[in-house]
Amino acid sequence: MIDQILMVLIDGINYSAWLFLAAVGLTLIYGVMKIVNVAHGSFYALGAYMAASVVGAWVTLDYPPYLYYLALFAAALISGFTVGPLVERVLLRYQYEKDEVVILLITYALFLVMEDVIKLIWGVNPYFIVEPYAYLGNFSVGEMTYPNYYILMFGLAITVGLALTFVLKKTHFGRMLVSVIHDREISAAMGIDVGKIFVVTFSVGCALAGIAGAFTAPTISVSPGLGVEVIVLSFAVVVTGGLGSLPGVALAAIIMGLVRAFCIHYIPHLELFVIFGVMALVLAFRPRGLFSLAEARKI
Amino acid sequence: MKLTKALVAGLMSGLALTSAHAQNEEPINLGVVTFLSGPAASPFGVPARNAAELMIQEFNAGKAPAPYNNKGFGGSPIKMTIIDEAGSSTSVVTEFRNLVQRDKVDLIVGYISSGNCLAIAPVAEELKAVTFLFDCGTPRIFEESAKNYVFRAVNHATADSVGAARYLKAQKPNVKNFGGINQNYAWGQDSWKDFSGAMQVLYPQSTVTTSQMPKLFAGQYSGEISALMASRSEVVHTSFWGGDLEAFILQSAPRGLYKNSDVVLVAGETAMYRLANRIPDGTIIGARGPYGVLAPQSALNTWFREKFTDRYNVPPNYTAYQMAHSIMAAKLGYEKAMAANGGKKPNPDQIAAAVRGMEYEGPGGVHKFALSNGHQAVSETAYGRTKLVNGEMTIVDVMRFPAEQVMPPVGVKSTDWIAGGMKSK
């Protein structure tokens with residue numbers, strides 16, 4: 001019985017960590033910029049492909065294997081902080097005055113374009129960079145074996161969550177960010193450079209998607225279309241948690257991960273829709289999500 | 001008078017020859033539909049397109065071995081119009097209509113997705129367009145309603161599932177339990193239904209431990225792998241394909257799933273070269289028929305493998321074989337109809353009549369359009385186990401099962417045949 005509970009917990013937490021990493025960038029961008037970034041999945045895919053190239057070269061050049069993880073991180077940052085600012089400066093900054101739906105459609109178009117650009121650069125054949133996954137070995141709980149890579153993913157999710165919380169709560173930049181989240185116009189009137197906040201936020205959000213993609217790459221076949229599933233799941237997590245809420249994303253990811261793991265072990269045929277079932281249930285009682293931010297009514 | 005008759009006869013035959021020559025100059029427009037984008041492009045769509053290009057090039061040059069050594073189709077060069085299968089079923093149907101009505105193709109070879117096959121089959125019938133489905137597995141195409149213009153030149157999915165169960169029975173006479181992980185859509189559900197049905201016929205005392213049905217393209221299978229390992233299944237069946245199959249192998253092999261279970265990868269052949277050193281020895285691999293590494297030795301197979309490998313630097317996988325088979329069947333059927341039509345270009349009814357019940361040989365051996373009023377082909381199927389030799393993936397313990405052991409007999413639906421004990425007439 002304890003083994004069964006542990007199994008559900010480990011599988012659930014592992015999936016929760018992945019969900020959190022995949023969705024946190026999306027909620028950050030929405031929270032600050034009020035943009036539903038449909039291209040989030042493409043930034044995830046870009047991180048995965050970049051990781052495939054960087055780690056592939058790393059292995060070929062026979063560099064130290066314990067630095068794989070640094071290479072994965074670097075790949076994610078490169079993808080997020082090069083393409084992110086470019087998209088924000090060239091494409092999005094001229095659209096902020098337009099309706100949210102227009103910006104949503106623009107990011108959808110960007111998603112389609114990026115899918116093809118990725119195919120143009122990396123082709124349609126899959127890439128495998130299993131070395132960082134295999135290098136860490138396994139751990140056992142009872143008779144069950146799990147890869148140590150799970151622990152890495154869990155640690156990464158915790159680190160990302162804590163780092164974002166620290167920046168938002170304890171730094172000058174974070175306070176400016178919170179101010180922009182609450183009211184863009186008042187923040188600008190108080191002297192905050194909203195444009196700068198936007199470009200940094202969008203880049204960080206893209207880099208977070210890249211981190212999720214890069215660290216998932218060693219466990220999957222990096223092939224065309226891998227961002228599609230991620231964007232759907234990320235939306236489910238972000239909407240359930242409350243658009244723009246960091247604790248909301250964390251809680252929604254934990255609930256969804258654990259419920260999904262329970263279903264896999266005990267009612268496998270419910271797995272297909274369990275995540276969306278949780279979302280529907282939460283939204284039925286809390287239409288703005290678990291941790292929706294209070295909005296001042298403007299007169 | 002005799003001279004006049006001779007002159008007239010000479011003139012007429014000259015005209016006929018000129019007409020035949022002119023007709024042979026007119027190309028045969030062959031529509032080819034396969035995934036060129038999306039997750040199914042790399043494992044299936046692109047190898048199939050490559051096979052189509054190779055076959056057309058060889059046929060047009062008249063360099064293929066007999067009986068495929070006539071130039072093009074009956075002497076007419078083949079012009080290929082290729083369409084991406086990606087998109088919704090609605091757009092796939094629209095593209096099909098465009099091929100037939102706008103591009104005026106003479107024949108169509110295509111479709112990987114069972115959903116797309118089900119969607120276009122009635123449209124092909126409506127437009128009287130002779131269509132060869134080359135990869136999709138669903139038996140429902142012909143079992144739910146009779147077709148006049150739609151054909152499938154290879155086995156349907158029942159052969160894959162029943163073949164896997166028969167292989168297990170031959171290799172492992174006593175299996176007490178088995179589990180599965182399959183994608184939650186038509187292909188995955190049908191595969192599991194056929195496999196579990198066949199297992200319960202061959203091992204009446206066996207029980208199902210768990211049936212995992214993750215979403216298509218889920219990519220993350222840690223929970224499902226735990227559930228399969230915890231179930232202590234003697235056999236684990238999966239019809240995963242493409243990136244899902246590769247992710248499943250990458251995530252499950254290091255955790256030791258293969259140590260305690262015989263894992264059956266029904267469509268594993270497409271991943272075996274890419275993940276050669278990641279697939280544990282002894283894994284049971286299928287190629288959805290006698291294709292790829294499981295193809296029988298023959299002159300046609302040697303020719304096809306060599307030509308394909310020379311041109312693309314990789315050996316052909318099973319979808320490349322299925323495409324080659326379908327184009328070969330189309331060529332033979334077209335030429336048979338042309339001969340029956342006095343050497344003139346045949347119409348769709350004549351082509352369909354010629355293909356119905358036809359037997360042909362391809363690189364995967366002899367196939368016969370035997371079922372569903374001669375529209376569904378049958379052939380043997382094969383399975384084997386992986387073994388890494390000097391870093392190269394090889395297949396050992398290959399077993400072949402004749403068509404009557406893996407496909408239902410004429411007039412019997414697949415599900416009824418399995419439920420009735422899989423008896424051959």
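Trainee: How many bridges join S1(B) to strand S3 of chain B, and do they run parallel or antiparallel?

Mentor: Bear in mind that this is a predicted model. In it, S1(B) and strand S3 (residues 107–110) of chain B are joined by 4 bridges and run parallel, with Val32(B) standing opposite Val109(B) in S3(B).

Trainee: And what joins S1(B) to strand S2 of chain B?

Mentor: There are 7 bridges between S1(B) and strand S2 (residues 78–84) of chain B, and these strands run parallel; in that pairing, Gly31(B) is opposite Thr81(B) in S2(B). Together with helix H2 (residues 41–61) of chain B, S1(B) and S2(B) form a β-α-β unit that is right-handed.

Trainee: Why is strand S1 of chain B described as largely enclosed?

Mentor: Strand S1 covers residues 28–34 of chain B, and 6 of its 7 residues are buried, so the rest of the structure largely encloses it.

Trainee: Switching to helix H3 of chain B, what span should its residues have, and how far apart are its end C-alpha atoms?

Mentor: Helix H3 (residues 89–102) of chain B has 14 residues, which at 1.5 Å a residue should span 20 Å, and its end C-alpha atoms are 19 Å apart, which agrees.

Trainee: Which residues of H3(B) are buried, and which are exposed on the other side?

Mentor: The buried ones are Val92(B), Glu95(B), Phe96(B), Leu99(B) and Val100(B). Looking down the axis of H3(B), these buried residues fall within an arc of 130°, so they line one face of the helix. On the other side of H3(B), the exposed residues are Thr90(B), Gln101(B) and Arg102(B).

Trainee: What covers the buried residues of H3(B)?

Mentor: The cover includes S1, S2, S3 and helix H4 (114–127) of chain B. Just after H3(B), incidentally, Lys104(B) takes a positive phi of about 55°.

Trainee: Last topic, the two chains: how many residues of chain A are in contact with chain B?

Mentor: On chain A, 33 residues are in contact with 35 residues of chain B. Among the elements of chain A giving two or more residues to that side are helix H1 (2–33) and strand S2 (144–147), and H1(A) gives the most, with 5 residues.

Trainee: What is the make-up of that side of chain A by class?

Mentor: The side of chain A that touches chain B has 18 nonpolar, 10 polar and 5 charged residues.

Terms used: Residues are numbered from 1 along each chain as its sequence is written. Chains are lettered from A and ligands numbered from 1 in the order in which they are written. This is a predicted model: local features need pLDDT of at least 70, side-chain atom pairs count only at pLDDT 80 or more; totals for chains, interfaces and linings use all residues. Two residues are in contact if their C-beta atoms, placed from the backbone, lie within 7 Å. Ala, Val, Leu, Ile, Met, Phe, Trp, Tyr, Cys and Pro count as nonpolar, Asp, Glu, Lys and Arg as charged, and the others, Gly among them, as polar. A residue is buried if 20 or more other C-beta atoms lie within 10 Å of its own, exposed if 12 or fewer, and partly exposed in between; C-beta atoms are placed from the backbone. Two strands pair if DSSP finds at least two bridges between them. A crossover is right-handed if, with the strands pointing away from the viewer, the path from the first strand over the helix to the second runs clockwise. The expected span of a helix is 1.5 Å times one less than its number of residues. The arc is that of the directions from the helix axis to the C-beta atoms.
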